[in-house]
Amino acid sequence: MERIVGIDLGTTNSLVAVLEDAGPRVLPDPDTGAVLLPSAVAFLDDGSVVVGERARSLTAERPLDTVLSVKRFMGLGAEHVTAEDRRRYRIVEGREGPVRFAVGGRELTPPEISAYILRELKRWAEAAFGEPVTKAVVTVPAYFNDSQRQATKDAGRLAGLEVLRLVNEPTAASLAYGLDKEAEGVVAVYDLGGGTFDVSSLTLRGGVFEVLATNGDTRLGGDDLDDRVAELVLAALPEPVRARPEVRARARAAAERAKRALSTAEQTEIVLDVPGGPPVRHPLGREEFEALVRDVVERTTAPCRQALRDAGLGTADVREVVAVGGSTRVPLVRRHMEALFGRPPLADIDPDQVVALGAGIQAGILSGGRRDMLLLDVVPLSLGIETMGGVFTRLVDRNTTIPVAVKDTFTTAADNQTSVDIHVLQGERELAPDNRSLARFKIPIAPLPAGVPRLEVTFLVDANGILSVTAADLRTGRERSVEVKPSYGLTDEEIERMLEESIDHAEEDVRRRQVEEARVEADVILHATRESFRNHAGMLEPGEGNRIRASLAALDAARATEDYIAIRDAVDALSRETEPFARRIMDTSLQEALGDRRLEEL
Amino acid sequence: MQAAEARRRQCWRCGAETAGALACPRCAVVQPLAAGTDLFAVLGLPRGLAVDAADLERRWHEASRAVHPDRHQTAGAREQELSLAASAAVNRAYRTLRDPIALGRYWLELHGARLGEDNNQVSPALAAEVFEAQEKLAELRAGAAVGDEVRALRDDLAARLAAMREELVARYAGADASLPDLKRRLSEIAYLTTLLGDVETSLGAA
């Protein structure tokens with residue numbers, strides 16, 4: 001049976017893992033052996049796209065065409081993009097639906113950009129197995145809303161991966177720990193990644209991992225710590241220099257290095273190379289760093305308290321606290337966790353790898369390889385619809401175990417309405433506009449006086465935490481299948497078009513490479529032949545020179561076209577034509593080298 | 001009648017007798033739920049208010065292992081659909097039966113005595129008490145220094161609700177909850193829960 005891989009599509013780094021008999025294992029880049037793929041995608045002027053470490057190293061040079069942390073934009077519209085991000089990227093304005101980046105002469109949505117990362121991980125896995133990989137489990141922050149989840153699934157589809165399950169990152173981490181420790185009891189998972197924060201409380205009993213409550217902040221992570229440090233060094237520069245995207249990109253990279261250094265050292269120095277100016281050096285001690293970022297770390301407190309309160313737990317009930325995400329290496333974060341939960345965090349499994357390992361285990365569960373384990377996860381944020389007066393009416397409460405199906409009946413406010421607008425929202429606020437809009441749709445109904453129609457709305461949340469909505473007019477008995485237009489997502493047609501385009505692009509990329517390679521071959525033989533003409537003209541036989549000249553001209557002409565097959569054919573023709581000539585030259589030079597002895601004697 | 005039908009049921013896939021089980025005992029394929037299956041039956045429990053929490057959780061886990069979509073990911077489209085529906089039903093059953101208030105409401109519903117939106121079941125004394133509390137909240141919202149009083153009110157309400165809940169559980173265990181009595185208790189709980197929500201909102205805003 002085809003193998004299913006587990007993918008951690010992270011803000012900063014992404015990984016791919018698989019469950020084997022010996023346990024879960026992360027798969028390496030077949031070229032370098034690295035297991036962390038930086039979640040960076042760079043768009044070059046010639047239309048090519050670079051992913052990973054090479055893309056990240058291009059940030060300073062091409063800040064506007066290199067997208068880092070694309071995950072922070074998943075499921076968002078242009079109106080949700082912050083001023084800082086608008087300085088950082090070229091955001092296409094005035095478009096509805098998902099945010100679009102203008103990169104490398106194209107306008108791309110976050111799922112399309114994420115698909116480049118997923119394709120690279122797919123390649124790693126295929127290299128490891130020696131066979132195609134088309135099915136995956138992909139992790140998402142537990143606190144991702146419906147649009148963000150949908151966008152992640154779309155990214156998989158665009159990368160040629162069927163996403164069999166979206167797993168919440170802290171839950172995946174708990175699977176990795178649960179398998180490792182065969183633990184029982186209540187576990188809290190604190191997951192501070194590059195761009196998102198999640199906290200979940202779970203019980204582990206008899207192989208069943210039951211999530212009790214989850215909370216978090218999808219705009220809080222290690223990037224925020226870096227930004228604080230970056231601002232510190234940028235403040236030393238004059239405004240026009242400070243505002244330059246490449247300077248800001250370098251500052252963030254320098255800040256990130258300083259943050260890492262301070263996880264082990266007490267003191268470091270931030271070095272910011274300023275193009276065309278002297279580097280800025282700024283000493284930074286751990287204490288100063290902690291003072292800079294303390295309030296960012298404090299922002300994790302309220303979600304942790306809420307995740308315990310919603311589960312009906314006190315800190316004393318928590319048996320273990322698990323640290324997930326690279327940012328939990330920061331000593332201040334560790335101390336904060338200990339203060340919150342009253343015990344030091346567990347970090348036996350590499351916090352950068354633990355989510356991917358858990359995703360690998362879940363992939364194993366889905367393929368039937370681990371029948372002893374079962375995950376029961378929850379919906380992170382309440383789901384409902386807008387009702388009279390802009391009120392948010394909940395149908396599914398947060399922390400309800402998924403899958404969940406809920407039906408509710410609604411009526412009209414005005415006489416003879418021929419349709420009802422249904423506005424689907426997600427969030428915890430009382431008023432509709434304060435929550436995240438997921439979709440709007442219209443249900444035609446039989447015209448009746450206000451309050452008489454009976455419209456039954458059904459919400460179904462699947463095991464991925466993704467919602468589908470159906471509605472039925474109970475008066476006419478007609479069930480309407482609902483066409484939900486996602487507010488910030490991609491429609492099926494858009495995905496189909498993108499898939500076609502990416503296939504076109506893939507073919508285009510392959511063709512371009514073939515042309516380049518054929519031209520290189522042509523240049524080698526053209527150069528060699530011309531050299532031989534110049535140096536060994538005396539060795540040409542009668543008529544041979546003209547024949548070779550004709551082949552040379554033919555190859556020159558072919559080389560100017562984009563037709564790599566014609567170029568290859570012309571290379572072959574010239575090579576055949578010059579072969580006797582080349583052999584004569586070879587023989588002669590060997591004879592010269594060996595003195596007067598004839599070649600046959602050797 | 002329903003039970004007799006359930007006993008005659010056969011697996012839609014392999015034809016084996018299922019006896020109304022969620023999944024076929026022979027081929028493990030998820031079965032469609034019979035129309036009118038109540039939430040007790042979903043978890044294999046007899047209808048009744050006395051629900052043992054540990055037993056309920058054990059049944060929930062067991063049922064989840066049989067029907068959860070993770071267990072049927074490699075199956076065909078119909079099986080996956082049935083797995084999703086059965087899993088949602090199992091989760092709803094657990095969610096309803098484990099919570100004494102949700103259980104009580106469901107019990108009323110089963111007996112055709114839905115808890116109305118109106119609070120006409122509430123005693124005049126309680127109504128007066130709530131009215132007084134609402135006035136206090138209005139004062140708080142108007143900026144009066146009654147924060148301590150309102151906080152005391154919140155703690156009192158939370159404690160009373162906890163006690164009312166426990167009393168409900170005790171009644172369930174003793175199987176002496178008549179429908180009118182249950183309806184009155186649930187109405188009072190709903191009434192005070194709404195008030196507690198208002199108190200917390202007002203304190204949060206102040």
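Predicted model: local features only at pLDDT ≥ 70, side-chain atom pairs only at ≥ 80, totals over all residues.
Taken along the principal axes, the C-alpha atoms of chain A fill a box of roughly 105 × 65 × 55 Å, and of its 602 residues 45% count as buried. If we consider the contacts in chain A with a separation of 6 or more, residues 24 or more positions apart account for 67% of them.

Which residues of H8(A) are buried? Among them are the alanines Ala249(A), Ala251(A), Ala254(A), Ala255(A) and Ala258(A), together with Val247(A), but the buried residues also include Arg248(A), Arg250(A), Arg252(A), Glu256(A) and Lys259(A). As for what covers these buried residues of H8(A), the cover includes helices H2 (83-88), H6 (222-234) and H7 (239-242) of chain A, as well as strands E15 (267-272) and E16 (280-285).

Turning to chain B, we find eight helices and zero strands, so that from the N terminus on its elements read α-α-α-α-α-α-α-α. The radius of gyration of chain B is 22 Å, whereas the globule rule gives 17 Å for 206 residues, and chain B is therefore more spread out than a compact globule. Along its principal axes the C-alpha trace of chain B spans about 70 × 35 × 30 Å, and 28% of its 206 residues count as buried. Among the contacts of chain B between residues at least 6 apart in sequence, 58% join residues at least 24 apart.

How do the two chains meet? The contact takes 18 residues from chain A and 13 residues from chain B. On the side of chain A that touches chain B, at least two residues each are supplied by helix H12 (354-366), strand E18 (374-376) and strand E21 (404-410), and E18(A) gives the most, with three residues. Sorted by class, this side of chain A has 12 nonpolar, five polar and one charged residues.

In the loop between strand E20 (391-396) and E21 of chain A we find Pro403(A), which is joined to Ile402(A) by a cis peptide bond with omega about 0°. Asn399(A) has its place in the loop between E20 and E21 of chain A as well, and its phi is near 65°, a positive value in a residue other than glycine. The loop between E21 and strand E22 (419-426) of chain A holds Asn416(A), which is not a glycine either and yet has a positive phi of about 55°. Which of these asparagines is buried and which exposed? Asn399(A) counts as buried because it has 21 C-beta neighbours inside 10 Å, whereas Asn416(A), with 12 other C-beta atoms within 10 Å, is exposed.

Notes:
Residues numbered from 1 in each chain as written. Chains lettered and ligands numbered in written order. Contact = placed C-beta atoms within 7 Å. Helix = DSSP H or I, 4+ residues; strand = E, 2+ residues; numbered from the N terminus. Nonpolar A, V, L, I, M, F, W, Y, C, P; charged D, E, K, R; others polar. Buried ≥ 20, exposed ≤ 12 C-beta atoms within 10 Å, placed from the backbone. Rg over C-alpha atoms; globule rule 2.2 N^0.38 Å.
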